[in-house]
Amino acid sequence: MSKNSLVITNAKVVLKNRVIDRGAVVCEDGVIAWVGPADGLPAQKADVLDAGGRVVMPGFIDTHIHGCHGDDVMLNGEEGLRRMSANLLRYGVTGWLPTTVSAVHEDTLRVIAWCRNAAGQNQLGAAILGIHLEGPYINPNKKGAQPPEGIRPPDVDQCLKYIEEAGGMVKVVTLAPELPGAFDLIRILRDRGVVVSLGHSEADYETAVNAIEAGASHATHLFNAMPPLHHRKPGLVLACINDPRVKVEIIADGVHLHPELVRMVIRSKGEDGVVLITDAMSAVGCPDGVYTLGTHTVYVKGDLCTLADGTIASSMLTMNRAVRNAVAFAGADLPQAARMASELPAEICGVSHRKGSIEVGKDADLVVLEPDFSVWRTVVQGQVVYPPNGR
């Protein structure tokens, strides 16, 4: 047994298809070395973490997040990204995609460089697994809280510059398929292994279906910043719900979507088709007040974040609360919630071979949850990293 070993015992361990009620997980040299019933635990010398009957899930991966604890992806540089990686641990997040908003070309390139540099630094925080470009190729009529000065039509050469500068880190691009040139860009991104997500869009049903056929496989915060589902004009929403090839993001905070709508989407798509995200902003972890989202001023009161005109702008959601709400709103069981919060996001990021589920040989990135889904411990690479120096 390695010196770098941790045993989590007396836990409800959430696997892909079941929960081991009295389970244990052995972590060795940063990976999961054994998992099973605690009474079958092999003899060893290791640090032991008694979970006290708490739930152990794979670490959460947030594929759509703009900020937290006073830091904004677009504004606070590499240091801000590193602080975000550290602060996200308190919500059980062990991997994430810094998410941009629409910005002028030079600003987008600068943020890409920040993300690339921050991701290359070795630290025991939530890993930066890539970048989500939310825009700039979106419909200005559905911009939501996206800064209008950064919005523009699809530009293949420009987007390929982002891909090149990111060095393989661009994992998701959100765009509106009805814009001129969008289909060419969808095909090019698909061929380069980038997930194309449909969002901030006025696309009708037929346009959305054709975009999916061209290679779009994702929908950005379903229902938000797109026309509502109409019985004669079903639009983008129904195209994405109907097609099993499409994974849909949902912001399960009870503000962006009514709890019963969360239930409907999860029941319609199943855990294989829904990705839990936060779309969180810099105000997460901070008191009510005035904050920024890119170049916008955002007013925060409780769980509601709005621009001056009342437009909802980002969220105060955290991933552990998103998981709690998927269970409470939709009746999801713990393996289903883990699929939506960890495994599917790992697939989107291209790291499902090593992250996203509790299996032997995968990275020992874990979260230990209280009954109310608050985070008791977060483990990264087999080390307890939250709370700091916690055991």
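Q: Two strands count as paired if DSSP finds at least two bridges between them. With that in hand, what do β1 and β2 form?

A: A hairpin, with four residues between the two strands. Keep in mind that this is a predicted model.

Q: How many bridges join β1 to β2?

A: Seven, between β1 (residues 5–14) and β2 (residues 19–28), and the two strands run antiparallel.

Q: Which residue in β2 is the bridge partner of leucine 6?

A: Cysteine 27.

Q: And how many bridges join β2 to β3?

A: Six, again with the strands antiparallel; β3 covers residues 31–37. Within that pairing, valine 26 has tryptophan 34 in β3 as its bridge partner.

Q: Which residue takes a positive phi in the hairpin of β2 and β3?

A: Aspartate 29, with phi near 50°. There are two residues between the strands in that hairpin.

Q: Jumping towards the other end: how many bridges join β20 to β21?

A: Four, with β20 (residues 366–369) and β21 antiparallel. In that hairpin five residues sit between the strands, and phenylalanine 373 takes a positive phi near 75°.

Q: What about β21 and β22, over how many bridges do they pair?

A: Three, also in the antiparallel sense.

Q: Which residue in β21 does valine 367 stand opposite?

A: Threonine 378. On the β22 side, threonine 378 stands opposite tyrosine 386.

Q: How many residues of β21 are buried?

A: Six of its six, so by the cut-off of under 20% relative accessible area the strand is mostly covered.

Q: Where does glutamine 381 lie?

A: In the loop between β21 (375–380) and β22. The two strands form a hairpin with two residues between them, and glutamine 381 in the turn has a positive phi of about 50°.

Q: Is glutamine 381 buried or partly exposed?

A: Partly exposed, with a relative accessible area of 40%.

Q: New topic, cis peptides. Which residues does the one with omega about 15° join?

A: Glycine 135 and proline 136. Proline 136 lies in the loop between β11 (131–134) and α3 (156–166).

Q: What is omega for the cis bond from tyrosine 386 to proline 387?

A: Near -5°. Proline 387 lies in the segment after β22 (383–386).

Q: Last one, the surface. Which residues form a nonpolar patch?

A: Val255, Leu304 and Ile312, with about 200 Å² of accessible area together.

Q: Where is leucine 304, and is it buried or partly exposed?

A: Leucine 304 is in strand β19 (residues 304–306). Leucine 304 counts as partly exposed, because its relative accessibility is 37%.

Notes: Residues numbered from 1 in each chain as written. Predicted model: local features only at pLDDT ≥ 70, side-chain atom pairs only at ≥ 80, totals over all residues. Heavy atoms only, no water. Buried < 20%, exposed > 50% of the residue type's maximum accessible area, 1.4 Å probe, protein only. Patch = residues over 30% accessible without salt bridge, like charges linked within 9 Å, V, L, I, M, F, W, Y side chains within 5 Å. Areas by Shrake-Rupley, 256 points an atom, 1.4 Å probe, with all protein chains shown as cover. Salt bridge = Lys/Arg side-chain N within 4 Å of Asp/Glu carboxyl O.
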